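Subject: Structure for your review

Dear colleague,

I am passing on the structure that follows, together with some notes on what turned up when I went through it. Please read the notes with the structure open beside them.

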Amino acid sequence: MMKHLFLFLLLWNITYSSFSQSLWNIKTTSSGLTSNVCKIRAVNDRYFAYSTEVFLTAGYEGTLTGIVFRPGPLTANNIFTDVLEGQMPNGSPFFIVAQRSIQGSTGYTLSEYRPGTGYVNPQIFPDTLGSLNNGARPNLIQLDQQTIYAFGRQFFRKISFSHESGFTELWSKPLSSPMTDVILHNNQFVLTDEAGNVQTLDLEGNIIWTVNYPYNFRSITPVEGGFAACVRATTGISLVKLSSTGQEEWSANTENIGFYQAAGSAGGGIVVVGTSTAGRMILAQFNNLGNLLWQKDLGAGVAASIVNGIDGGLVILGRESSFLRLIKTDENGNTVSPQIVSFASRILKSPAIQAFVSPDANMFLNTLNQISGFTLDSVATIFSCAPWIGGTKDDVLYLAGEKGYDSNGDYRPGWTTIDKADFNRTWLVTKADIQRLRRDFGEDHVLDEKLAFDILTWPGKGNPHLLTKADFSPINTDPNLFPAPFIDNNGDGIYNVYDGDYPQIKGDQAAFWIITDSVSHTESSMPALPLKADLSFMAYTFDCAQSDLVSHSVFVDVDIINRSNDAYENTYVGFITDFDIGCPTGDYVGTLVPDNTIYAYNSTADDATCDDNIGWGTQIPVQSMTLLNQSLNHSMYLAGSTTTLQDNVPDIPSQYYNYMKSLWRDGTPLTSGGTGINTGSTNVVNHVFPDDPSDVQGWSMCTSNATYGDIRGLASHGPFLFAPQDTFSVTLQFTTHRDIPHPCPSITTIVQPRIEQLQQWFNNGALYASADLGQVAFLPEGQAITLDAEISGASYLWSTGAVTPSITVDAPGTFTVHITLPTGCEQEEQVKVQLATAVAQPAELPSWQIQPNPASTSFLVNCSDCDMENAQIILRNAQGQEVLHTTGYNRSIPLINIPGGFHWVELWQEGRYLGSKKLIIQPR
């Protein structure tokens with residue numbers, strides 16, 4: 001169970017044991033050149049894919065982990081045709097990129113892409129490449145770190161590469177016919193061309209054998225017993241199985257389908273992807289005799305490349321309009337519905353709700369296409385929700401606001417002391433992934449299974465594996481400033497999954513991101529002074545299909561920290577929620593004052609579809625937003641358009657501040673009745689539309705006799721003194737109440753009791769109740785241990801048949817308890833009990849120290865229980881980049897040409913990670 005860890009983020013080269021595979025179907029933006037240059041390959045624990053427009057990586061679980069877009073115009077040599085990956089001596093990634101123009105008549109360019117630097121060492125190689133539709137020319141094959149072969153249309157070349165001198169042609173040889181595909185197999189090149197030839201060449205370009213066919217092969221792939229070759233045709237022969245010497249064993253004839261690439265499948269069969277003449281992505285499987293077993297339609301577009309999945313199943317790369325598609329299926333071609341994703345954003349789910357989250361002030365706004373991101377059954381209830389913060393010092397207003405539909409006008413990703421680019425992303429972690437990590441580590445203190453990208457890179461303090469940004473360039477933020485909460489298993493104050501550390505989250509699925517208002521404000525036409533407020537968000541859901549209340553809710557913890565040296569008086573914190581109950585033009589809002597809640601409902605009994613917004617019809621929900629742990633001191637509404645009330649969206653800082661105090665833009669107070677603007681009225685109130693919509697005598701939007709459009713509700717808390725370094729914490733609850741009779745629903749009899757029940761569960765802790773059996777427990781020989789899952793008010797069913805909160809066990813095994821919580825939610829907790837023998841018990845990590853620390857010219861690693869002659873010592877800078885790597889040192893290690901500052905020292909022995917420690921290097 002030993003392993004080596006190479007801290008190259010793209011590779012995550014970690015051996016693993018099998019576990020259940022995941023299915024996913026993601027779409028990511030590309031500018032959509034209509035070409036078939038789309039390739040995907042599996043590399044250890046992730047997938048590498050490229051097209052004419054981008055190259056990207058995705059984790060085994062379908063998380064986009066990095067992406068680089070094509071630079072410059074199409075007329076230059078800027079279109080990607082192939083990308084190779086590598087690692088600099090300091091551990092940083094680099095890429096060798098082949099690029100061409102649309103025409104391809106001027107040859108192609110090879111260059112090295114260094115993240116954070118750009119393209120270096122460009123070298124043009126002459127060739128006439130022909131149409132993009134005839135293949136990914138040039139095609140690159142890397143023999144070793146210094147040797148590359150480039151196959152174009154007229155020539156193939158052997159090229160030497162180094163970081164210092166770039167690309168040097170060693171020799172060039174003509175191709176007898178334009179190449180369509182080439183692979184390296186058994187140290188030989190296997191090539192197809194436009195003349196129908198399949199041939200193998202040795203590494204010096206000499207022909208070993210050639211077989212000619214009456215087909216133009218598009219691609220060739222090694223499979224069991226030979227090769228699978230896809231034919232460039234949509235009728236007649238479309239797939240040919242070849243022997244290892246190029247002889248045809250069988251062929252498949254399909255009607256109106258052209259295949260692009262194949263892969264091997266169980267039992268000597270072949271899976272293959274392509275497109276139909278109707279423009280549909282097709283996935284098919286043939287057995288070892290060439291019989292079609294099944295065929296799947298994966299939606300509109302072109303399926304261009306396929307690989308066998310890292311954790312089973314299949315992964316397909318395709319193209320749909322302006323999107324690239326990465327589709328993970330099971331072995332029978334089944335998958336899930338597609339979702340648009342980016343490196344920065346995540347999709348938070350409960351059994352009922354789906355919520356889009358990104359490193360943005362506008363919660364739930366789908367920033368990829370500016371649509372509602374909070375949905376039930378794929379129909380919207382919330383467009384966005386954004387924080388407002390305002391306070392005064394010496395009568396000067398400091399304020400940050402958002403209208404709810406722009407992107408970060410008064411906020412940016414990161415914190416005051418944290419780089420925007422480094423934290424321009426969201427992390428999403430599941431309880432199930434954390435439990436799997438804890439179980440894996442708990443067995444023997446070694447991780448064997450694959451790690452989800454967001455767990456590996458969780459921004460806990462000092463994480464040495466948070467190394468790169470979206471474009472693979474290095475993180476610049478001091479790791480000591482990484483802000484995310486975590487459980488520190490070994491108590492060293494540093495987050496490192498290989499020490500058994502794991503994210504500290506709430507719920508069964510949680511997303512984390514941070515923003516700050518320490519930026520020049522652009523949201524308002526008269527920019528406000530920044531407060532220097534840092535905000536952290538943790539949005540979470542519970543996997544509780546048994547309770548509609550819990551499964552229809554999303555919770556968000558918001559911590560707002562005053563990083564300035566100023567105390568702000570009369571501070572207000574508000575949240576502007578742009579409710580979109582299906583069609584947004586028919587929404588009404590109201591306030592449940594006793595329950596610190598604002599809510600939205602529909603103005604009619606039938607919510608029709610409008611524009612691109614799907615309506616709810618007659619089955620209309622009510623959407624609420626509750627401050628669970630803070631008082632709702634004020635509520636207001638904003639209307640994007642009305643016929644009886646002019647546009648009342650704020651434009652300048654004072655107007656934002658007025659709204660949080662239940663004042664209109666000009667400072668006129670909110671008064672009860674009608675629209676809330678009642679000239680001469682002295683009936684001043686702090687909450688808008690507080691009465692039940694079903695009460696014809698009450699004040700609600702149903703009785704206000706106004707026509708509104710695109711309503712937004714504002715809930716605010718204040719005033720309070722916001723002192724330097726103070727933290728204001730609030731938990732928001734967003735609940736969708738399904739199928740409420742409209743119009744003018746009875747909120748107090750139907751919705752209010754549900755909100756109050758959730759509030760009670762929040763107050764008494766039932767909402768967060770969870771048993772933790774530790775995943776792994778050790779049983780002393782000849783003794784017994786107690787497994788305790790007690791939760792107040794819960795019921796239990798153990799795998800032993802016991803129904804008590806705890807059981808006593810005296811034998812090893814895996815024990816499971818099914819828990820029914822007071823909320824009605826059901827949990828299943830499992831623990832593996834192992835004998836605490838010398839073999840089974842986790843081996844203690846040896847103690848080791850660094851001397852001296854701080855160091856200036858050299859340092860020594862002392863470990864009395866280590867074989868230092870065979871130990872590996874890795875020194876990394878504050879950004880996690882490797883700056884020194886040595887083996888077999890039991891003496892002082894010189895610090896030559898290594899700048900001063902904060903560093904990490906890692907100790908490894910025989911593939912076992914023995915931990916990391918801080919080292920301060922003093923400038924010389």
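A residue is called buried here when its relative accessible area is under 20%, exposed when that area is over 50%, and partly exposed in between. Please keep in mind throughout that this is a predicted model.

Let me begin with the salt bridges, of which a search of the whole structure finds 28.

A second pair to look at is D557 and K506, whose side chains meet in a salt bridge at 2.8 Å from N to O. Here too distant parts of the chain are linked, since D557 belongs to strand β41 (residues 553-562) and K506 to the loop between β38 (502-503) and β39 (509-516), 51 residues apart. In this pair D557 is buried, at a relative accessible area of 12%, whereas K506 is partly exposed, at 32%.

The side chains of D651 and R665 also meet in a salt bridge, with 3.6 Å from N to O. D651 lies in the loop between β46 (634-642) and α4 (653-660), and R665 in the loop between α4 and β47 (708-722), so this pair ties together parts that are 14 residues apart in sequence. D651 is partly exposed at 36% relative accessibility, and R665 is partly exposed with a relative accessible area of 28%.

Beyond these pairs, K27, E320 and R325 are linked in a network of salt bridges.

Turning to the strands, there is an open sheet of four, in the order β10-β11-β12-β13, with antiparallel pairing. Its edge strands are β10 (139-144) and β13 (166-174), each of which pairs on one side only, and the twist from one strand to the next averages 25°. Within this sheet, β10 and β11 (residues 147-151) pair in the antiparallel sense over five bridges, and D144 stands opposite T147 in β11.

Definitions and conventions: Residues are numbered from 1 along each chain as its sequence is written. This is a predicted model: local features need pLDDT of at least 70, side-chain atom pairs count only at pLDDT 80 or more; totals for chains, interfaces and linings use all residues. Side-chain values use heavy atoms; hydrogens and water are left out. Two strands pair if DSSP finds at least two bridges between them. Helices (H or I, at least four residues) and strands (E, at least two) are DSSP runs, numbered from the N terminus. Axes are lines fitted to C-alpha atoms, for helices over the stretch in contact, and angles run from 0 to 180 degrees between N-to-C directions. A salt bridge is a side-chain nitrogen of Lys or Arg within 4 Å of a carboxyl oxygen of Asp or Glu. Buried means under 20% relative accessible area, exposed over 50%, partly exposed in between (1.4 Å probe, protein chains only).
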